[in-house]
Amino acid sequence: MSKGQSAGIDRDQCAQPAGQDGLLWNRPAAAAQATLILAHGAGAPMDSEFMTQMAKLLAVRGVAVLRFEFDYMAARRLDGKKRPPNPQVKLLEKWRGVYTQVRQQVAGPLAIGGKSMGGRMASVLADELGADALVCLGYPFYAAGKPDKPRVAHLADLHTPTLIVQGERDALGDRQTVAGYRLSSAITLHWLASGDHDLKPLKRSGFSHEQHMQVAADSVAGFLSR
């Protein structure tokens with residue numbers, strides 16, 4: 001067992017080894033209709049349960065998914081020590097490098113996005129990189145408890161076709177609060193009933209987490225096939 005497994009990254013999160021380049025692929029059995037670079041959130045690695053399940057669901061739907069880790073998370077994998085995310089300039093630098101690398105490897109539509117922080121960083125760069133599409137799963141519209149300090153200024157003028165799949169009761173962007181923000185017409189919001197930041201609904205909603213993940217994957221795959 002590696003230090004990363006024993007001191008901070010769960011065994012099931014290390015089940016799929018990345019390649020020598022540090023990239024983790026889920027490819028469809030047939031030709032991919034699109035490729036999505038999917039970045040992790042602030043607190044969980046690229047092979048967390050959420051990231052792994054979403055990558056598998058999308059691959060079944062014809063989308064090739066590429067996952068990578070920001071430097072602070074890659075370091076945690078080596079020694080198990082938890083670290084805060086790198087400064088934004090470093091996160092964006094990593095995103096640019098991965099995008100350039102993958103763009104040279106794949107043909108066809110190439111989308112970028114991610115879970116929470118990973119998606120937010122992708123949204124900052126989407127227009128600059130010329131990505132074909134942007135996909136955000138649980139976008140952190142504001143820090144927990146700070147809806148009065150939204151992180152949406154750049155979203156008002158975004159040109160890249162964008163899909164945000166969001167739980168209605170997300171603590172970092174609930175439906176009522178987000179309705180008051182000015183967002184670009186390029187952005188499509190898909191709300192999941194009673195979903196939280198991980199798209200998990202309340203039991204009384206009548207929906208299961210699995211159902212919401214399936215619907216989210218359907219939405220993403222449909223969006224990328226347009």
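Student: Is the crossing of α2 and α7 left-handed or right-handed?

Tutor: Keep in mind from the start that this is a predicted model. A crossing is left-handed if the near helix is turned anticlockwise from the far one by less than a right angle, and right-handed if it is turned clockwise. For α2 and α7, the crossing is right-handed.

Student: Is α2 parallel or oblique to α7?

Tutor: Helix α2, residues 49-60, and helix α7, residues 209-224, have axes 9 Å apart and pack at an angle of about 50 degrees. Angles under 35 degrees count as roughly parallel, and 65 to 115 as roughly perpendicular. The angle therefore makes α2, relative to α7, oblique.

Student: How many residues of the contact of α2 with α7 are nonpolar?

Tutor: From α2 the contact takes F50, Q53, M54, L57 and L58, while α7 brings E210, M213, Q214, A216, A217, V220 and A221. Once these residues are divided by type, two are polar and one is charged, and the number that are nonpolar is nine.

Student: Is S116 buried or exposed?

Tutor: S116 is placed in the loop between β4 and α5, and beyond its neighbours within four places in sequence it is in contact with G41, L137, G138, P140, L172 and H197. Buried means under 20% relative accessible area. Because the relative accessibility of S116 is 10%, S116 counts as buried.

Student: What is the phi of S194?

Tutor: Most residues other than glycine have a negative phi. S194, in the loop between β7 and α7, is not a glycine and yet has a positive phi. S116 also has a positive value, near 50 degrees, and for S194 phi is about 65 degrees.

Student: Is A75 buried or partly exposed?

Tutor: A75 lies in helix α3 and touches G80 and R83, not counting residues up to four places away in sequence. Buried means under 20% relative accessible area and exposed over 50%. Because its relative accessible area is 22%, A75 is partly exposed.

Technical notes
Residues numbered from 1 in each chain as written. Predicted model: local features only at pLDDT ≥ 70, side-chain atom pairs only at ≥ 80, totals over all residues. Heavy atoms only, no water. Axes fitted to C-alpha atoms, helices over the stretch in contact; angles between N-to-C directions. Helix = DSSP H or I, 4+ residues; strand = E, 2+ residues; numbered from the N terminus. Parallel < 35°, antiparallel > 145°, perpendicular 65-115°, else oblique. Contact = heavy atoms within 4.5 Å. Nonpolar A, V, L, I, M, F, W, Y, C, P; charged D, E, K, R; others polar. Buried < 20%, exposed > 50% of the residue type's maximum accessible area, 1.4 Å probe, protein only.
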